[in-house]
Amino acid sequence: MSESCGDAGESGDCVDAKFSFKRQSEAPEETNKVGQGGNARAVPADPYRYRMDYPSIGTCVIINNKNFHSSTGMNLRNGTDVDAGAAMRTFSRLGYKMKMANDLTVGEMEKLLYTVSQEDHSDSASFVCVLLSHGDEGIFYGTDGFMELKKLTGMFRGDRCRSLVGKPKLFFIQACRGTCLDEGIQTDSSSDQSSDRIPVEADFLYAYSTAPGYYSWRNTTNGSWFMQALCEMLKQHRQLELMQIMTRVNHKVALEFESASNTPGFSAKKQIPCIISMLTKDFYFPH
């Protein structure tokens, strides 16, 4: 089946999917000490802000899939190494302990993220995962096939990864979610009590590069629109709350990018990222 663009040996904007892919298919109240002259007084921590006073901000895992088995029908993802390198620099600068893996099969992706989910994150304030590959709605590609995305992210649910309970788990996903094209339109000029129970799906953020059902664009030279914008906004606005940063990412992708493709019907297209938050507090990177 033909692809939406030929990545191999060509430059320009591409999408991370087939051209016409169809499937059948714990603690006492936290306090801060304030005061002068030795007369410190205890002030309760902000119940609407995630704690960042852990020894480590956490681990960041990057899965970067570029080369695919011929049986998948998926093209080489030129430009993805630019995304991976930018993500590595960005999250390392923010203080994360980095783990990078390239060209993983479905089984290898499962094994890597399961292993990380079973590690002790007690000294970590958060967890980040950057996923770069082909995809479709609800699925993500390894080099030898695809799997349900929720199977990967679900390993970090509260009932499966106890040491990250109540902590933010951030997933940044560069992959197509379907085969729709966006034509665009013209516009006019705390405290966590140990006895509390929380949903196992709480404290996740899923930052998708595109809206449900749509292609996700990647430039074969400069990297994907979403990852370019994400890394730039994290660098420029790290002092802002995470959702404010992500709104700026949406703004940049929506207004500053438009496709230029050699494939008929694929030029002058737009894209909007999609941020799904189950976070229960404000998240600020340390600075």
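This is a predicted model: local features need pLDDT of at least 70, side-chain atom pairs count only at pLDDT 80 or more; totals for chains, interfaces and linings use all residues.
Colleague: In the open sheet of three strands, what is the strand order?
Modeller: Strands here are DSSP runs of E with at least two residues, helices are runs of H or I with at least four residues, and both are numbered from the N terminus. Two strands pair if DSSP finds at least two bridges between them. The edge strands are β1 (13-15) and β13 (223-224), each pairing on one side only. The pairing is antiparallel, and the order is β1-β12-β13.

Colleague: Which residue in β12 is the bridge partner of C14?
Modeller: β1 and β12 (residues 217-219) run antiparallel and are joined by three bridges. The bridge partner of C14 in β12 is R218.

Colleague: Is C14 buried or exposed?
Modeller: Buried means under 20% relative accessible area, exposed means over 50%, and partly exposed lies in between (1.4 Å probe, protein chains only). C14 has a relative accessibility of 4%, so C14 counts as buried.

Colleague: How many disulfides does the count come to?
Modeller: A disulfide is taken as a pair of cysteine sulfur atoms within 2.5 Å. By this rule the count comes to zero.

Colleague: How far from C231 is the nearest cysteine sulfur?
Modeller: C231 has a relative accessible area of 8% and is therefore buried. C231 is in no disulfide, and the nearest cysteine sulfur belongs to C60, at 9.6 Å.

Colleague: What is the handedness of the crossover from β4 to β5?
Modeller: Strands β4 (residues 56-64) and β5 (residues 97-102) pair in the parallel sense over six bridges, with I63 opposite A101. Between these strands the chain passes through helix α1 (residues 80-93). A crossover is right-handed if, with the strands pointing away from the viewer, the path from the first strand over the helix to the second runs clockwise. This β-α-β crossover is right-handed.

Colleague: With which side chain does the side chain of S224 make a polar contact?
Modeller: S224 lies in strand β13 and is buried, because its relative accessible area is 0%. Leaving aside neighbours within four places in sequence, S224 is in contact (heavy atoms within 4.5 Å) with D83, Q174, W217, R218 and N219. A polar contact is a pair of N or O atoms within 3.5 Å; within protein, one must be able to donate a hydrogen and the other to accept it, and residues adjacent in sequence count only if both atoms are side-chain atoms. At 3.3 Å, the side-chain partner of S224 is Q174.

Colleague: What is the geometry of the aromatic pair F127 and F171?
Modeller: Rings of Phe, Tyr and Trp (its six-membered ring) pair if their centres lie within 6.5 Å; planes under 30 degrees apart count as stacked, over 60 as edge-to-face and the rest as tilted. The structure holds 16 aromatic pairs. F127 and F171 lie 6.0 Å centre to centre with 65° between the planes, which is edge-to-face.

Colleague: How many residues apart in sequence are the parts tied together by F127 and F171?
Modeller: F127, at 0% relative accessibility, counts as buried, and F171 is buried at 0% as well. Ring pairs also link both residues with F156, F204, Y206 and Y208 into a cluster. F127 lies in strand β6 (residues 124-132) and F171 in strand β10 (residues 169-174), so the parts tied together are 44 residues apart.

Colleague: How far apart in space are D120 and C161, C-alpha to C-alpha?
Modeller: D120 sits in the loop between α2 and β6 and counts as exposed at 62% relative accessibility. The side chain of D120 makes a polar contact with the side chain of S122 at 2.5 Å. D120 and C161 are 41 residues apart in sequence, and their C-alpha distance is 8.7 Å.

Conventions: Residues are numbered from 1 along each chain as its sequence is written. Side-chain values use heavy atoms; hydrogens and water are left out.
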